[in-house]
Amino acid sequence: MRFKSLLSVMLCISMLLITPLVGQVFAADCEHTYEQTIEEATCMEKEQIVYTCSLCGDSYKVAADEPVLPDSCYVLLESAVQDGQLVVTVKLENNPGIYSMRMIFHYNAAALAPTARINGDIWTNSECWTTKPPESSPFSYTAQYADMMSNNTKNGLLCTLVFDILDTEEDYGFKVTYDKRPFITWDNQLVDVTTLNIVGKSEYGKHNLQTQTTPPTCTEDGYVYQVCTYCQNTITEERVPTPGHQWVLTQEIVSPTFEIEGVGLYTCDACQETKEEALPIVERWKKGDLDNDGAITSADIIYLRRVAASLSSVPLQMYDAADINGDNVVTMLDYVQLCRIAAGNAPYPPDWNIE
C-alpha cells in the first residue's frame, strides 16, 4: 500500500513538471491561426491591431496605421512630432531606375505652416529643381539625374519636410498627387508608383479636452479646467481670483448724529450676505434745519432766534446750520432770511442741501 501511494505521488509530480514543457513545445511548433481584434487608441497610445493565435494563444500587436508595403515601386510618407513641429520623411523604395520625378504635396494650411525642405540622399541639391523651402499649399518636389542615361536604382530618403503645427485639433490634410508623367525611367518609361501616406492619421492618441468651470465666489477663487473626457485627468488648470464681497448700504439701523455714530446694515449684491458696520458721526447739518429732523419748520425759526440772541449754548453743527448767509456769524439777518424761506417768499438754495 505504501509503495502504491508513493508511486501515485511521483506520477503527479512528473505530470506537473512535464505539462508546461509540452505547452512550450506546442506553442513553438504551432501553425498559428491568428484572429484579429482592434485595441482602440487611448490618450497616449495609437490604435492597435491585436493578432492572437486561436490554437496556442500567441499574440502580438501592430499599429493600426502600419502600411502594407508593396513589392513594386512605392513612396512612403511617415511623420513624427518633435518639439512642436511635424517632421515628414519621404522615402522611395523598389526604385526600377528612375531618372526624373515630380510630386505635389498638399496640406491643411490651418493646421500646418511649412518651414523647411531638406533633400535626402537619392538626388543631390543641384539635381533638384525646387531647392527653396515650401511656402504654400500645394508645393512641388522635382528632381532629375544629371546623367539622363544612367540606370540608377538607388532607394532611400527623397526629402524631409518640416512644418510648424498651428492647431493640434485640425486634421493635417496631408496628401500627394502627381503630374501626368511623374516618374520616368532612364529609357523614358513611365513608372507606376504606389503612395503610402500615413501622415497625421494617428501618431498617438490625444486627450479630448472639455472645459469645466468652477465659478469664483465672494470668498473663494474659481477655476477653469481642461479635463480629458477619456482618462478624466485634468490637463490644465487656471485660477480665477475671487472678486470679494460687493457691499451696499441697504439700511440705517441707527442714524448717525453729530454726537454719536450710527449703525448701518450692508448687503453683498452677489451672495446676499449681510454685515453691520458703524456709520460715521454727521459732520454738518442742512442749512436752516437746526433740529436736524430733515425739514425746515417753525421750530427751526425759534431755534435760530435763540442762537442769534445767544440765549443758550448749542452744538457746533446747530450753529453752522443757523448761519444762513454763510458769514460765520449768526445774527438776526439769518433769522429774517430763514423766515422768508419757511414762508415760501425766498427759494432754498440747492447748494445748501447736505447729502
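**Figure 1. Arg284 is partly exposed.** Its relative accessible area is 41%. (Buried means under 20% relative accessible area and exposed means over 50%; partly exposed lies in between, with a 1.4 Å probe and protein chains only.) This is a predicted model, in which local features need pLDDT of at least 70, side-chain atom pairs count only at pLDDT 80 or more, and totals for chains, interfaces and linings use all residues. Residues are numbered from 1 along each chain as its sequence is written, and side-chain values use heavy atoms, with hydrogens and water left out. Asp320 is also partly exposed, at 25% relative accessible area. The side chains of Asp320 and Arg284 form a salt bridge, 3.4 Å from N to O. Asp320 belongs to helix H3, while Arg284 sits in the loop between strand E17 (274-279) and helix H2 (298-308), so this pair ties together parts 36 residues apart in sequence. (A salt bridge is a side-chain nitrogen of Lys or Arg within 4 Å of a carboxyl oxygen of Asp or Glu. Helices, H or I with at least four residues, and strands, E with at least two, are DSSP runs numbered from the N terminus.)

**Figure 2. Lys287 and Asp320 meet in a salt bridge.** The N to O distance is 3.8 Å. This pair also links distant parts of the chain: Lys287 lies in the loop between E17 and H2, Asp320 in helix H3, 33 residues apart. Lys287 counts as buried, at 9% relative accessibility. Shared partners join the salt bridges of Arg284, Lys287 and Asp320 into one network.

**Figure 3. Lys275 forms a salt bridge with Glu277.** The closest N and O atoms of this pair are 2.7 Å apart. Lys275 is partly exposed, at 26% relative accessibility. Glu277 is partly exposed too, at 35%. The structure holds five salt bridges.

**Figure 4. Leu316, Tyr319 and Val329 form a nonpolar surface patch.** Together they have about 290 Å² of accessible area. (Patches are made of residues with over 30% relative accessible area and no salt bridge; like charges are joined within 9 Å, and nonpolar side chains, Val, Leu, Ile, Met, Phe, Trp and Tyr, within 5 Å. Accessible areas come from the Shrake-Rupley method with a 1.4 Å probe; for residues, only the protein chains shown count as cover.) Val329 lies in the loop between helix H3 (316-322) and helix H4 (332-343). Its relative accessible area is 40%, so Val329 is partly exposed.

**Figure 5. E12, E13 and E14 form an open sheet of three strands.** The order is E12-E13-E14, and the pairing is antiparallel. Strand E12 (209-214) and strand E14 (234-240) stand at the edges; each has a single partner strand, so one side of each lacks a neighbour in the sheet. From one strand to the next, the twist averages 15°. (Axes are lines fitted to C-alpha atoms, for helices over the stretch in contact; angles run from 0 to 180 degrees between N-to-C directions.) Six bridges pair E12 with strand E13 (residues 222-228). Leu209 stands opposite Cys228 in E13. (Two strands pair if DSSP finds at least two bridges between them.) Strands of a sheet pair through backbone hydrogen bonds, either parallel or antiparallel.

**Figure 6. Strand E6 is largely enclosed by the rest of the structure.** Eight of its nine residues (98-106) are buried. E6 and strand E10 (residues 175-185) run antiparallel, joined by seven bridges. Here Ile98 stands opposite Thr185 in E10. E6 also runs antiparallel to strand E8 (residues 139-144), with six bridges between them. Phe105 has Phe139 of E8 as its bridge partner.

**Figure 7. Pro70 sits in the loop between strand E3 (59-63) and strand E4 (74-82).** Leaving aside neighbours within four places in sequence, Pro70 is in contact with Asn94, Thr194 and Leu196. (Contact means heavy atoms within 4.5 Å.) Pro70 and Leu196 are 126 residues apart in sequence, yet 9.5 Å apart in space, C-alpha to C-alpha.

**Figure 8. The whole protein has four helices and 17 strands.** Buried residues make up 31% of its 355 residues. The protein exposes about 22100 Å², and carbon and sulfur atoms supply 53% of that area. Among contacts between residues at least 6 apart in sequence, 54% join residues at least 24 apart.
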